[in-house]
Amino acid sequence: MTKSFSPFLPMEYSNEVAAAKARNAPIVALESTIITHGMPYPGNLEMARSVEAIIREEGAVPATIAVIDGVLHIGLDDAKLEALSRTSGAMKLSRADLAFAIAERRTGATTVAATMIAASRAGIRVFATGGIGGVHRKAEETFDISADLEELARTGVIVVCAGAKAILDIPKTLEVLETRGVPVVTYDSDKFPAFWSRDSGLKSPLMLNSPAAIANFQTMRDQLGVDGGMLVANPVPEKNEIAREEMEIYITRALENAIRDEISGKAVTPYLLDSIFRMTDGRSLETNIALVENNARLAAEIAVALA
Ligand code: PSU
Ligand code: MN
């Protein structure tokens with residue numbers, strides 16, 4: 001492990017990531033909330049290992065990000081990855097509490113927002129995940145809007161996802177991204193995807209057909225001095241897709257349960273994900289793993305194109 005260059009921030013690179021940084025090799029950041037709060041064990045570990053392997057296959061280096069006992073890790077070795085995937089007590093960290101977990105020597109998994117902050121701090125420009133947080137349905141009553149959206153507006157990392165889950169209000173999520181100046185680029189489709197399904201029913205604001213074109217778009221933003229992140233939406237492969245109508249049945253039920261159980265704050269997203277996993281058979285988990293793998297591949301290709 002390489003200690004951080006800052007004497008004040010306990011940050012550690014894995015050997016693999018430190019070596020990649022030394023030779024300026026392409027690196028892809030990965031979040032860890034998807035491991036601790038997004039999928040059940042052992043599917044979460046299977047997913048975490050396979051996305052790392054895919055990124056290596058594509059000629060980039062994976063950097064899974066998490067806080068372990070107060071140290072911000074940029075890249076986890078397999079023992080740490082396995083331990084994290086089995087933990088039940090990890091905090092779910094966003095912009096508000098990433099530094100808290102470090103200061104208080106806690107263990108926590110990073111959401112999209114916190115992973116972007118850490119990646120940017122570590123000089124990593126591309127990040128792969130499953131789905132982002134967004135504007136929740138009924139946000140006009142609950143005010144529940146994920147800090148992921150604000151982070152996309154302010155932090156210069158390209159986030160590759162499979163769109164947004166329909167547990168969210170997808171039209172409102174796209175509106176907020178537009179208002180905050182975040183480009184939303186769908187890869188090779190003009191339809192914005194909805195996680196398990198390739199089509200949310202909404203047109204994508206922008207579309208590009210190659211990793212090189214995405215890298216070039218980012219380069220032009222840099223040249224213009226436009227800061228902030230970019231959201232790349234990568235539709236799940238057709239063979240792994242679950243139809244929107246079918247998922248809507250489970251989503252509706254999960255949302256009803258959340259109201260009944262009076263779930264609020266940062267517990268909402270994990271609660272909904274967990275109830276959907278319980279209601280569907282292993283099929284929704286299979287789709288989830290397939291789409292993260294698909295995103296890891298595209299993110300690695302973009303990182304290679306940018307390098
Ligand atoms: N959406 C998913 N899967 C996930 C998450 C969101 O389909 O695992 C996780 C991500 O880590 C995301 C976080 O950043 O939940 C958003 O949580 P919140 O809505 O509390 O901001
Ligand atoms: Mn929320």
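**Entry 1: Leu76**

I began with Leu76, which sits in the loop between strand S5 (71–74) and helix H4. This is a predicted model, so I keep that in mind for every entry here. Is Leu76 buried or exposed? Its relative accessibility is 6%, and because buried means under 20%, Leu76 counts as buried.

Next I looked up what Leu76 touches, setting aside residues up to four places away in sequence. I found Ser14, Glu52, Thr64, Ala66, Ile68, Leu81 and Leu84. I also checked Leu76 against Ser284: they are 208 residues apart in sequence, and their C-alpha atoms are 27 Å apart in space.

**Entry 2: H3 with H4**

Helix H3 covers residues 43–57 and helix H4 covers residues 78–86. I noted an angle of about 150 degrees between them, with the axes 9 Å apart. Because angles over 145 degrees count as roughly antiparallel, H3 is roughly antiparallel to H4. Their crossing is right-handed.

Sorted by kind, the residues of the H3 and H4 contact are 3 nonpolar, 2 polar and 4 charged.

**Entry 3: H3 with H13**

I stayed with H3 and turned to another partner, helix H13 (residues 282–306). Here the packing angle is about 20 degrees, and the axes are 9 Å apart. Since angles under 35 degrees count as roughly parallel, H3 runs roughly parallel to H13. This crossing is right-handed too.

On the H3 side I listed Gly43, Glu46, Met47, Ser50, Val51, Ile54 and Ile55. They meet Leu285, Ile289, Val292, Glu293, Ala296, Arg297 and Ala300 of H13. How do the residues of this contact divide? I have 9 nonpolar, 2 polar and 3 charged for H3 with H13.

The peptide bond from Tyr41 to Pro42 is cis, and I noted its omega as near 5 degrees.

My next stop was a residue with a record. UniProt lists Asp144 under "binding site", in an unreviewed entry. Where is Asp144 placed? I found Asp144 in the loop between helix H7 (139–142) and helix H8 (147–154). Its relative accessibility is 19%, so Asp144 counts as buried, the cut-off being under 20%.

Leaving out neighbours within four places in sequence, I looked up what Asp144 is in contact with. The list reads Gly134, Val135, His136, Ala139, Gly265 and Val268.

Phe143 is also found in the loop between H7 and H8. Buried or exposed? Phe143 counts as exposed, at 71% relative accessibility. I also noted its backbone: phi is near 65 degrees, a positive value in a residue other than glycine.

**Entry 4: Asn24**

Last, I looked up another residue that is not a glycine and has a positive phi: Asn24, at about 60 degrees. Asn24 lies in the loop between helix H1 (15–22) and strand S3 (27–30). With a relative accessible area of 68%, Asn24 is exposed.

Technical notes. Residues are numbered from 1 along each chain as its sequence is written. Chains are lettered from A and ligands numbered from 1 in the order in which they are written. This is a predicted model: local features need pLDDT of at least 70, side-chain atom pairs count only at pLDDT 80 or more; totals for chains, interfaces and linings use all residues. Side-chain values use heavy atoms; hydrogens and water are left out. Axes are lines fitted to C-alpha atoms, for helices over the stretch in contact, and angles run from 0 to 180 degrees between N-to-C directions. Helices (H or I, at least four residues) and strands (E, at least two) are DSSP runs, numbered from the N terminus. Angles under 35 degrees count as roughly parallel, over 145 as roughly antiparallel, 65 to 115 as roughly perpendicular and the rest as oblique. A crossing is left-handed if the near helix is turned anticlockwise from the far one by less than a right angle, and right-handed if clockwise. Ala, Val, Leu, Ile, Met, Phe, Trp, Tyr, Cys and Pro count as nonpolar, Asp, Glu, Lys and Arg as charged, and the others, Gly among them, as polar. UniProt positions are given in the numbering used here, feature names are shortened, and annotations may be inferred rather than shown by experiment. Buried means under 20% relative accessible area, exposed over 50%, partly exposed in between (1.4 Å probe, protein chains only). Contact means heavy atoms within 4.5 Å.
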